[in-house]
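Hi,

Here is the structure I promised to pass on.

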Amino acid sequence: MTWPMLFGVLSLMTFQLADSAFIGQLGRDPLAALGFTLPMQQLIIGLQVGLGIATTAIVSRTLGAGDELRAFRLGGLVITVGCTLVFILCLCLWLLQSPIMTALGADASLLPLVRSYWMPWLCSAWIGAFLYFGYSICRSHGNTKLPGYMMVSTSLTNIILDPLYIFVFDWGLPGAAWATVTSFGIGCLFIYPKLLKRGWARFDLRELALGRALRQLNSIMGPAMVSQLMPPVSAMLATSMVAGFGSAAVAAWGLGTRLEFFSIVVVLALTMSLPPMIGRMLGAGDIEQIRKLVRLAVRFVVGWQLAIGLLWLIASGLVAELFASDQDVQEILGGYLLRVPLSYSGLGVCMLMVSVCNALGLAMRALLVASLRLFLCFLPLLWLGSQFGGLYGLMSGALTGNLFAGVMAYSFYRAGIAHLRMGAGNSVKT
């Protein structure tokens, strides 16, 4: 179940990089306009991922309990609620675009370019959310192949259409957004007929106890959304600490974090494939099988990420020369790769435990783990390391913080699963 998600996530990352590369050829201003959309994009993604996590947890648990009809209606409810919420958010962003751009510090000369881009970009964001909710419903039914294949195909379509829309049709920056609208729209036309044919999404919502269903969704969606918005805040704070050591340090730290994202892509795929399995087991009341599954996943993540960390350590000099031409940046990036990647096993376990706790219906525990990882383990140890050891001390702080976070997250999960085992009898209390 993990492999399709792995290729899907990699393809999404690739098309986003390709988008940036094509837009970069238009000049500095279009690239800057694109950069000003990123904080707003994180808001939309936080909302849709939060609802996606809730979907996978609740629908898979309902299927595990044997109530298929309710699971199908919950699928329809998710699509209706999700698309409505994202539409309202996109509408607010459109109406408030000028105050938002001013607050973010955009030059007045950029505002016309931003206005030309925001309408197609917001359309692409809404269609992307619509497609994502379809993926979430597929995953909740244990089907990861369809969303995985669709992620790859829509990403390839986007990459093919980018130069056509941007340069051949001479649409410039808005062309990149229209390429995304087209590729995601094709994806929706493919995936939703399949969902409806299989009956995984039903819209006879009056037959649902709507109040109860909405409370179920919100109990997981709310904390999950907040936890999705924490990493960007943490990244900004970490970057501000690194900035005190100069531009070369910021450049090297930025390269290091991009390499980190590629290093944990297997963990990201696991966080998508595990929850539907756990949800079904939880619905069936099989806590012991959940424990075995999670223990297997944790052992794999620790071994895999340690191997990745050692690979970066061995190749640190070569990688630094490959990714940076400046001597100072090379030296700092080499120091980063000698330290931080060794902690990816702890980071991977922490990410996995957040996903597992959400799947178990322990959304507040998942939010607590995500919060403590960033604001108790990671950022304080970054600051302490910088005080005692300068820039390389800061990197050692990142290493220690990630390892502590992994241990802390696993202990929180074990306490949560123990609570569920105590409450398990003929039914599982969540």
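Leucine 164 sits in helix α6. Keep in mind that this is a predicted model. Is Leu164 buried, exposed or partly exposed? The relative accessible area of leucine 164 is 31%, so the residue counts as partly exposed, a class that runs between the 20% and 50% cut-offs.

Leu164, Phe167, Val168, Phe169, Trp171 and Trp178 make up a nonpolar patch of about 560 Å². Which helix gives the largest share of the patch? That would be α6, residues 145-168, with three residues.

Next, how α6 sits against its partner. Helix α7 covers residues 173-198, and α6 packs with α7 at about 155 degrees, the two axes being 7 Å apart. Angles over 145 degrees count as roughly antiparallel, and α6 and α7 are therefore roughly antiparallel to each other. The crossing of α6 past α7 is right-handed.

Helix α3 (residues 68-95) and helix α8 (residues 210-243) have axes that come within 11 Å and cross at roughly 65 degrees. The range from 65 to 115 degrees counts as roughly perpendicular, and that is therefore the label for α3 and α8. Their crossing, too, is right-handed.

Cheers

Terms used:
Residues numbered from 1 in each chain as written. Predicted model: local features only at pLDDT ≥ 70, side-chain atom pairs only at ≥ 80, totals over all residues. Heavy atoms only, no water. Patch = residues over 30% accessible without salt bridge, like charges linked within 9 Å, V, L, I, M, F, W, Y side chains within 5 Å. Areas by Shrake-Rupley, 256 points an atom, 1.4 Å probe, with all protein chains shown as cover. Salt bridge = Lys/Arg side-chain N within 4 Å of Asp/Glu carboxyl O. Helix = DSSP H or I, 4+ residues; strand = E, 2+ residues; numbered from the N terminus. Buried < 20%, exposed > 50% of the residue type's maximum accessible area, 1.4 Å probe, protein only. Axes fitted to C-alpha atoms, helices over the stretch in contact; angles between N-to-C directions. Parallel < 35°, antiparallel > 145°, perpendicular 65-115°, else oblique. Left-handed = near helix turned anticlockwise from the far one by under 90°.
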